[in-house]
Amino acid sequence: MSLPRLTIIGSGCAGLSLARAIGQDKKAEIALITDKPATDRSEHIWGFWHMPWLDDAAGQATHKWHKWRFMSDDISVIHHSDEHPYHMLSSTQWLSYCTAQSGTKETISPITDTAVKDDIGKDTPQAPYFDSRPKPAPEGALLQHFLGQMLKTSQPVFDPSIATLMDFRCDQSQGLHFIYLLPTAPDTALIESTLFTDTPLQDAFYEEAIKRYMTQNYPGIAYDVTRTEKGIIPLADCRDTKAPNHAIGARGGALRPSSGYAFTFIQKQVAEIIAHHDKTGTWRATSPLSARDLWMDKVFLRVLSKHPTTSARLFMRLAKALTGTEFACFMSGTARWPLIAKIIFAMPKLTFISAALAVIAKGGRA
Ligand SMILES: Cc1cc2nc3c(=O)[nH]c(=O)nc-3n(C[C@H](O)[C@H](O)[C@H](O)COP(=O)(O)OP(=O)(O)OC[C@H]3O[C@@H](n4cnc5c(N)ncnc54)[C@H](O)[C@@H]3O)c2cc1C
């Protein structure tokens with residue numbers, strides 16, 4: 001018996017993660033259309049906390065940490081979680097695993113909005129489709145921009161049992177800036193210089209920040225850079241509001257505006273699409289982020305853009321107020337109301353109330 005046909009536009013994280021899940025259960029014959037092959041994308045890592053919908057991804061991850069820390073000039077906070085370790089997954093490895101599991105091949109053909117409307121999107125139950133072409137970030141959006149280097153040191157200096165998620169002991173002259181360090185062996189680590197501002201910088205800025213961090217924290221240690229990755233992620237709501245049931249990935253609201261984390265939400269969205277199909281026999285995408293979390297993110301982003309110089313303290317306060325498991329749940333969108341109340345209680349009240357009022361006054365925009 002031939003399988004029903006389903007079109008997926010885009011072979012990035014969302015397109016291929018969905019194609020994998022459909023291919024694994026042989027639910028449909030997939031037409032995967034994209035503007036450039038997945039193999040042309042440069043390798044980077046995806047970080048995520050293990051959650052129930054991430055078993056497949058966790059199985060492909062190369063490293064995990066049950067402990068992670070946050071550091072500033074005056075304090076250091078260490079989190080530990082048995083249930084929700086932080087994982088590191090290579091994008092190349094995940095995309096090729098998904099390709100193999102999907103049982104399909106990409107067709108290279110840039111798709112326009114008109115083609116979606118007039119051709120692919122002649123939406124009948126016989127011709128369903130999902131669209132992951134990214135939407136441009138709204139003008140003036142805060143950006144997460146970063147450059148990371150995979151380092152191999154001449155001597156064992158790193159502790160591979162603990163990841164550093166945010167270390168604010170670096171140059172704050174250009175706005176909120178932190179170092180992210182994932183040690184995978186005593187002599188190997190991914191180190192990234194990351195900023196949350198509205199303007200990306202020249203590579204030299206991030207490279208110098210990494211160099212200075214290494215000199216200050218590991219004096220006299222020589223190292224080679226074995227790989228570089230960089231990115232710019234909009235810290236904003238980039239959803240397609242016109243065809244939300246067809247939109248997946250960042251286009252489908254799976255990018256968390258306050259953190260730039262998308263991988264976990266994409267996998268959650270994929271799991272929800274499959275569950276919906278199992279239940280109803282129809283294909284439909286929903287946003288994996290709750291309206292409550294999106295609202296809180298808008299307020300948080302408003303605070304970050306209005307108070308860049310004190311934002312590091314906010315992250316440290318948040319880290320200090322929560323346990324590792326609570327932090328992982330909050331970052332992965334599974335926080336229940338008591339945890340949300342704990343977070344609200346930990347934040348400076350006046351700053352957040354005035355940001356919330358400003359968001360309300362702007363009709364829900366950050
Ligand atoms: C270097 C880097 C590191 C990151 N690290 C993390 C992390 O640690 N954790 C995390 O959660 N997130 C991370 N992210 C963010 C996350 O990777 C992205 O937000 C996520 O990949 C979005 O997936 P997507 O499928 O929505 O979009 P994409 O992966 O961008 O896929 C979009 C697809 O659409 C295709 N396409 C575009 N235009 C057209 C067109 N006109 N016609 C046909 N196809 C088209 C593209 O070629 C691509 O295949 C990182 C991003 C980068 C760049």
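This is a predicted model: local features need pLDDT of at least 70, side-chain atom pairs count only at pLDDT 80 or more; totals for chains, interfaces and linings use all residues.
Reader: What makes Cys-13 and Cys-98 count as buried?

Author: Buried means under 20% relative accessible area, exposed over 50%, and partly exposed in between (1.4 Å probe, protein chains only). Cys-13 has 9% relative accessibility, so it counts as buried. Cys-98 has 0%, so it counts as buried too.

Reader: Why is Ser-259 called buried?

Author: Its relative accessible area is 10%, so Ser-259 is buried. Ser-259 lies in the loop between strand 14 (223–235) and helix 6. Helices (H or I, at least four residues) and strands (E, at least two) are DSSP runs, numbered from the N terminus.

Reader: What does Ser-259 touch?

Author: Contact means heavy atoms within 4.5 Å. Leaving out residues up to four places away in sequence, Ser-259 touches Gln-144, Leu-235 and Met-331.

Reader: How do you know that the span of helix 6 is close to the expected one?

Author: The expected span is 1.5 Å times one less than the number of residues. Helix 6 (residues 263–280) has 18 residues, and 26 Å is expected. From its first C-alpha to its last, helix 6 reaches 26 Å. Its buried residues include Phe-263, Phe-265, Ile-266 and Val-270. Gly-281 follows helix 6, with a positive phi near 80°.

Reader: Which strands pair in the open sheet of three strands?

Author: Two strands pair if DSSP finds at least two bridges between them. The order is 3-7-4, with antiparallel pairing. Strand 3 (45–49) and strand 4 (63–65) each have a single partner strand, so one side of each is left without a neighbour in the sheet. Five bridges join strand 3 to strand 7 (residues 86–90). Among the bridge partners, Leu-89 of strand 7 goes with Trp-46, and Tyr-86 of strand 7 goes with Trp-49.

Reader: What makes strand 3 mostly covered?

Author: Five of its five residues are buried. Ile-45, Gly-47 and Trp-49 point one way, while Trp-46 and Phe-48 point the other way. In a regular strand the side chains alternate between the two faces of the sheet.

Reader: How do you know that the radius of gyration of the protein chain agrees with a compact globule?

Author: The radius of gyration is taken over C-alpha atoms, and the globule rule is 2.2 Å times the number of residues to the power 0.38. For 366 residues, a compact globule would have a value near 21 Å; the protein chain has 21 Å, so the two agree. The C-alpha trace spans about 65 × 50 × 40 Å along its principal axes. Of the 366 residues, 55% count as buried. The protein chain has 11 helices and 14 strands.

Definitions and conventions: Residues are numbered from 1 along each chain as its sequence is written. Side-chain values use heavy atoms; hydrogens and water are left out.
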